[in-house]
Amino acid sequence: MPVFQRRRPLIRLLSFFLAALSVLGIVTLTTLHSRAYYQEAHAAGRLRTMLQLGEHTAALFPVLQKAAAVTQPTLFSEQLAAALENSSCAQQSLDALPGDGASYRPIYRFFRQTGDFVLYLQKKLSSGAEITAGERSTLLTLATWAQTLSQQLDTLTGDLLNERITPERAGEKLNDIQREALLTAELQTVPERFTDFPVLVYDGPFSTEQTEKENRFLAQKEELPRSEAADRAAALLGIEPVYLRYEGEDEAPIPCFRFYYQNQYVSISKQGGYPITLLSAAFAGESLFTPEDAIEKAKTCLEEQRFSQMEAGYYHIADGVCVIQFLSRQDDARCYADQIKVSVSLTGGTIVGLDSSAYLQNHHTRELPAVQITQQQAQDGLQKDMAVTYRGMAVIPKNKKELLCYEFLCTREQETYLLYIDCTTGKQADILLLLQSDNGTLTK
C-alpha cells in the first residue's frame, strides 16, 4: 500500500481536529464579543437614561415659569400637566440609574416635592379656588431650583460625552462603559454643587410645532430628476455638481435626494427642488461678522433658494454661529408654523446650516377668522404687573391647529414673555418665556 494511502486516515483525523479547534475558537471569540457588546450596550442604555434625566429637568424650568405667569385656567392647567409629567419622568430616570441611591436623595426629593405641589395646585384649580400670589411665588422658586439642577447636569454630561473630562484623563478616548462609570460617580456629587448660573439656551418660538402631516407647500410642485436636484445642492454650497457625492434618497417626512461634500450634508426635495436641510461640521473661530451681517446674508440665501418674503425673527449666537429664525407673514400676522432656520458662520460669513422642513410642510394661504375682540381688550386681560413693550398679530400652532392671536411682548420682574390672546375668544392661548442675552433672544 502506498505511504500516502496509509496516512490518509491520520490526515483526515488531523483535519477534523483542526476544524474542531477552529470552530471552538470562533465560538469562544463570538461569545467574548457578544459579552463585550452587551456590556457596552447596557452602559450606553444607562448613559441615555442620564441624558433623559437632564432633558426632563431642563423642561421643568420653562413650564414652571410660565405657570407662574398665566391667568387663563386652561393654559395654567396645561403648564401644570407638563410640569407633573417631567417631574415624574425625572424620578423614573433616577430610579433606573446605578450607584448609591442615597446620594441621589436630595435630587429625588426635589422632583417629588415639585410633583406633589403641582398636584395640589391642580386639585385647587379643579375646585374653582384662586391661585394665590404666594403659590405663584413658590412656582418661581421651584423653577429656579430646576434651572440650577439642569445646568449642573448639562455641564456634567456635556463635558464627559465631549471628552472634556479631568486633566489627568484629558484627550483620553472613552468607551460607553468608562463614560457611564465616570458619570455615575460624578452625578452623586451634583446635590452638593447647587450654585447660581446663567440662563440656558433654547430654540425659537414654536420651533418644534407642526400642524400638518402633509407637505402642503410642495403638494402641487413638479417632481424633478436627481441631476437637477444635484445642480441645486451644488448651487447652495457654491461648488460644481461634479464634486458632490450622492448619498441616497428618503421618502419621509419629505421625499428628497441627499448629497455630501466636505463635511456638508444637503437634502433637496424631490418636488420643487427646495433645500430641506443643510448640515455642516465646519468650525467657527473668531467672530468677524455682526448678527446684522448674518441676517442679511441669510435673507440673500433664502431669496436665492426661492423662499420669498421671509421676515427675520429671533436669533441666537453659539460657538461663533448665528442661528436666525425666519417667518412668513400673511396680512398683518406672523405665521409661526411657516418658519425657516438659517445658521451663518460669524467667522466667514457663510451659510453653515438651514432647516426649511416646517415651512415646506405648513406654508399656504390661510383663511383667517374674523377678529372678535380689539387689541386693547386683549391687553386688558393680561396680569396688571405685565409691562407691554410690543403688540402685533400672529398665527400660532396649537394642538395641531392654528390660532389667530394678538401677540404681546411683556416684561415682569426682569423676565420677558411672549403672550398670545386668541382674537376670536379673548382667551390666553399660549405663553413663551424669552431668554435674552448679549448673544441674542430665544424662547422656552
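The following legends describe close-up views of a predicted model.

**View 1. Helix α6 and its buried face.** Helix α6 comprises the twelve residues 226-237. Ala229, Ala230, Ala233, Ala234, Leu236 and Leu237 are the buried residues of α6. Seen down the helix axis, these residues fall within an arc of 155 degrees, so they line one face of α6. On the other side of the helix, Ser227 and Ala235 are exposed.

**View 2. Surroundings of α6.** The buried residues of α6 pack against strands β2 (256-261), β3 (264-269) and β4 (275-280), and against helix α7 (291-304). Just after α6, Gly238 adopts a positive phi of about 75 degrees.

**View 3. A salt bridge between partly exposed residues.** Arg245 and Glu247 form a salt bridge, with their closest N and O atoms 2.7 Å apart. Arg245 is partly exposed at a relative accessible area of 45%, and Glu247 is also partly exposed, at 29%.

**View 4. The salt bridge of Glu407 and Arg334.** The closest N and O atoms of this pair are 3.6 Å apart. The bridge links distant parts of the chain, as Glu407 belongs to strand β10 (residues 401-412) and Arg334 to strand β7 (residues 333-345), 73 residues apart. Both Glu407 and Arg334 are buried. Together with Glu311 and Arg329, they are linked in a network of salt bridges.

**View 5. The salt bridge of Asp338 and Arg366.** These side chains meet at 2.7 Å, N to O. Asp338 lies in strand β7, whereas Arg366 lies in the loop between α8 (357-362) and α9 (375-380), 28 residues apart. Asp338 and Arg366 are both buried.

How values were computed
Residues numbered from 1 in each chain as written. Predicted model: local features only at pLDDT ≥ 70, side-chain atom pairs only at ≥ 80, totals over all residues. Heavy atoms only, no water. Helix = DSSP H or I, 4+ residues; strand = E, 2+ residues; numbered from the N terminus. Expected span 1.5 Å × (residues − 1). Buried < 20%, exposed > 50% of the residue type's maximum accessible area, 1.4 Å probe, protein only. Arc of directions from axis to C-beta. Contact = heavy atoms within 4.5 Å. Salt bridge = Lys/Arg side-chain N within 4 Å of Asp/Glu carboxyl O.
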